[in-house]
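This report describes a single protein chain.

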Amino acid sequence: MGELTFFLGLQIHQSDEGIFICQTKYMKELIKKVRMSNVKALGTPMSPATSLDKDGEGKSVDESKYCEMIGSLLYLTVSCPNIIFSVCRHARFQAASKESHLTAMK
């Protein structure tokens with residue numbers, strides 16, 4: 001069958017130094033799916049000082065779409081552990097997601 005190179009969205013590279021896993025292809029497809037191909041990337045996913053509140057007055061967004069984005073980002077934590085904090089912080093608002101939460105997540 002040959003050397004394993006791709007499995008469940010994980011790109012696998014085996015060499016003498018070890019086995020390396022990345023999700024570049026999955027990440028690019030996710031960015032294209034949420035139509036964010038032309039945005040500027042940030043070095044830090046989310047500052048711990050960023051405040052996310054309940055936002056009872058904000059405009060509601062499609063909860064299924066918001067949950068889908070959270071799930072996709074949680075899957076990315078396999079190879080990008082630096083986003084766990086921000087993804088989990090946004091996951092708290094899945095039941096009552098507002099535009100402010102969606103904007104902060106993007």
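## The sheet

Three strands form an open sheet in the order S1-S2-S3, with antiparallel pairing. S1 pairs with S2 (residues 10-15) in the antiparallel sense over two bridges, and Phe7 stands opposite Leu10 in S2. Pairing here requires at least two DSSP bridges between two strands; strands (E, at least two residues) and helices (H or I, at least four) are DSSP runs numbered from the N terminus.

## Basis of the model

The model is predicted: local features need pLDDT of at least 70 and side-chain atom pairs pLDDT 80 or more, while totals for chains, interfaces and linings use all residues. Residues are numbered from 1 along each chain as its sequence is written, and side-chain values use heavy atoms, without hydrogens and water.

## Helix H3

Ser86, Val87, Arg89 and His90 are buried in helix H3 (residues 84-91); buried means under 20% relative accessible area, exposed over 50%, and partly exposed in between (1.4 Å probe, protein chains only). Helices H2 (63-76) and H4 (99-105) are among the elements that cover the buried residues of H3, with contact meaning heavy atoms within 4.5 Å.

## Salt bridges

There are two salt bridges, each defined as a side-chain nitrogen of Lys or Arg within 4 Å of a carboxyl oxygen of Asp or Glu. Glu68 pairs with Lys33, the closest N and O atoms being 2.4 Å apart. This pair links helix H2 to helix H1 (residues 24-33), across 35 residues.

Lys59 and Glu99 form a salt bridge at 4.0 Å, N to O. Lys59 lies in the loop between H1 and H2 and Glu99 in helix H4, 40 residues apart. Lys59 is exposed at 59% relative accessibility, whereas Glu99 is partly exposed at 38%.
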